[in-house]
Amino acid sequence: MRKTMRLLAGAALALGFAGTAQAQVLFWSTQAKPVQETQAMRDQVLAGFSGKVDYQPQDDGPWLTRIQAESESGTGSIGVLGALHGSFLGISDDLTDLSGVDLGGVKVNANYMDLGKLGSSEQKYLPWMQATYVMAANKKALPYLPDGADINSLSYDQLIAWCKAIAEGEGSPKCGIPAGPKGLKHRFFEGFLLPSYTGSMVTKFRSAEAVTAWEKFKELWQYVNPNSTNYGFMQEPMLAGDVWVAFDHVARLADAINNSPDDFVAFPAPAGPAGRAFMPVVVGVAIPKTAPDMAAAQKLVAYMLQPSTQIATLKATNFFPVVDVDLPSDMPPSVKASGDAIAAMSGSPDALPALLPIGLGDLGGKFNQVYVDTFERIVLGGQDIKSVLDDEAGQLRQLMIDANAPCWQPDAPSDGPCPVD
Amino acid sequence: MNRRLLPYLLLAPATLFLCVFFAYPFLMVAGEAFSRDGQLTVANFQDMIGNWKFPATLGNTMLLAGTVVPLQLIMALGMASVVTHLERGRGAILYIFAIPLGISDLAAGIIWLAIFEQSGFLNSLLTMMGIIDKPIQFLGYQNKMTIFIAVLIAELWRATAIVMVILVAGMGLIPKEYNEAAEVFGASRWQRFIKVTLPLLRPSLQTALILRTILAFEVFAVVVALSGTNFPVLMGETYHWQFELQDRNVAAAFAMLILVISIGFTLFFTKALNVPKEARI
């Protein structure tokens, strides 16, 4: 009798395990890593899904290692992948085609859908959410705006004039760049400053236009708070009042705007002669070919793109929707402010999207370092612009060859490594 | 149990530990420093030295070690003498002096950052006392000298106690008779310190200097917290190459350089402050 009971209990337990293993989709993601964001993803975003989801955020390294291991062995437990556009490039062959997934009439940003094909004819990933960098200003800085300048369509010259006026009016420079060790200054040089003048991130690195860009930046730097070289997240000096006008990632400005929504405004990045360059960060969801339950995974992917999920995701992670959606009025002030700024920036007639570096693999850090070194040598070290650019261009060229990385937007597509003129 | 084997058996766990956690990783790092893509090469060292930041990095590290260690030695000698001569409250003073030892170096860096930054304690204090109108940027990139001084102060505060603790122990070992004899012959306090205490303290000085110099070349968290990348030092660059530039080979080359410098100074102090066996107390 006892034996039978034990057997039954064992069987029930086994069944139970089998049941959960089947019903739960493992969502393997590089996004929403901070504990609070992870919790919000689980409690607010994924709780509404009809099936069960196990959301597991990871650093890029372990994320990639596991998906590679699963695809090599041919069997896997990961159901859905979430990552930056660039992270999917290396595992493109391991992803299923998502063009057949029923999204229920949701209208997804067409540019981003194109990106999701990763240059193939299949829909390798579906865009999931996006973010970018914007400018933010303390309202006390607004009276110093140069005559005739529209804050939603500033040029770099107007920004310089503005920062100069503030510095002279207040007695100390109050513009800020996240140029500290943890700051994202390299993104400013790669995706905003240089392409705005050259229309290129890599190819025209040492062109005459690039020299102009750095001259302009040096001019701007005179009116930038020198403590910028210690800033990581611009929300901190903005809240402290040390900085009035700043550039940073939307997520790194959010605290300032949320803390005192009436004191701050967000606005698009400035434009140069080649356009209003900006760097969109596109995050996608994909399904590996080794997914244990393809139907459940597809259902989850479709769920992630529903407008209500997109809004919940925005609240949880500060990443913005990629589908057509009306933002409800109860959104945090930072979301409202940056959402408008992003819309104005990406919708402006001179908009020039410059994508995050693609295909560099573990050379990404060295790629950024080229731009950071260029900045430190020209602006902080006062070295000659032309000779620094020539020197660093050599490093950049070698990196592109080592990584064998073809050009990405806004540079023209290339056969073989992206050339540096 | 074979009595002759016993000492070796007792040493075995520590030896094994050192082999697994020191010798083996060391050999791996050395291998990485001298190879790239499986080829034996010195290219990593060329990359390291050829980097535009390298001269400043090496110079800063040397300058910092060359200033911090002598200053700490002088301060620690003073503190140790005071502590040794105290009749009462010796334990309490020793504990108070040693408090910074219990704080991690990153935490120490952050404490001093809170003091020196633009809206930090020092600026607030100076503004409150009416000495300055607006905050001074102590840690701005153009004030290399103030950054250096800030790092220097933080390092002095943080790590002088370790030298002091070693010297206090050393002073405790010096028999009182020597000092008393010198006193009888009319030596002043200063003469006794120079002629009696210092020479007899040589073994402790040697230990303290070796330990402190090696630590000075490994200085990292305090510098990063206070200066970011404005004051590059060898250990910071090692970290940078390893984790941000993801180039383990050049990072390993930096690690080897730090090792060579540390070994060099250790040998120097071992020789310079050598006390023959028969001359030890």
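## Surroundings of A:C163

Beyond its neighbours within four places in sequence, A:C163 is in contact with A:P173, A:C175, A:L220, A:Y223, A:V224 and A:V245; two residues are in contact if their C-beta atoms, placed from the backbone, lie within 7 Å. The model is a predicted one, in which local features need pLDDT of at least 70 and side-chain atom pairs count only at pLDDT 80 or more, while totals for chains, interfaces and linings use all residues. Residues are numbered from 1 along each chain as its sequence is written, and chains are lettered from A and ligands numbered from 1 in the order in which they are written.

## Nonpolar cores

The largest nonpolar core holds 131 residues, and A:V134, A:M135, A:A136, A:C163, A:V245 and A:L300 touch the most other members. Such a core is a set of buried Ala, Val, Leu, Ile, Met, Phe, Trp, Tyr and Cys residues joined through C-beta atoms within 7 Å. A residue is buried if 20 or more other C-beta atoms lie within 10 Å of its own, exposed if 12 or fewer, and partly exposed in between, with C-beta atoms placed from the backbone.

Helix α15 (residues 385-403) of chain A gives the most to this core, namely eight residues. At least three residues come from each of domain 1 (2-131 + 281-331) and domain 2 (133-279 + 350-403) of chain A, the bounds being taken from an automatic or database domain assignment. Another core lies apart from this one and has 54 residues, including B:A80, B:L113, B:F231 and B:V250.

## A sheet in chain A

Four strands of chain A form an open sheet with mixed pairing, in the order β6-β7-β5-β8. Helices (H or I, at least four residues) and strands (E, at least two) are DSSP runs numbered from the N terminus, and two strands pair if DSSP finds at least two bridges between them. The edge strands, β6 (175-176) and β8 (264-267) of chain A, each pair on one side only.

Two bridges join β6(A) to strand β7 (residues 245-249) of chain A in the parallel sense, and A:G176 stands opposite A:A246 in β7(A). Helix α13 (residues 333-346) of chain A lies across β5 (133-138) and β8 of chain A, at about 25° to β8(A). Axes are lines fitted to C-alpha atoms, for helices over the stretch in contact, and angles run from 0 to 180 degrees between N-to-C directions.

## Chain B and the interface

Chain B has 13 helices and two strands, and 30% of its 281 residues count as buried. Its contact with chain A takes 17 residues from chain B and 17 residues from chain A.
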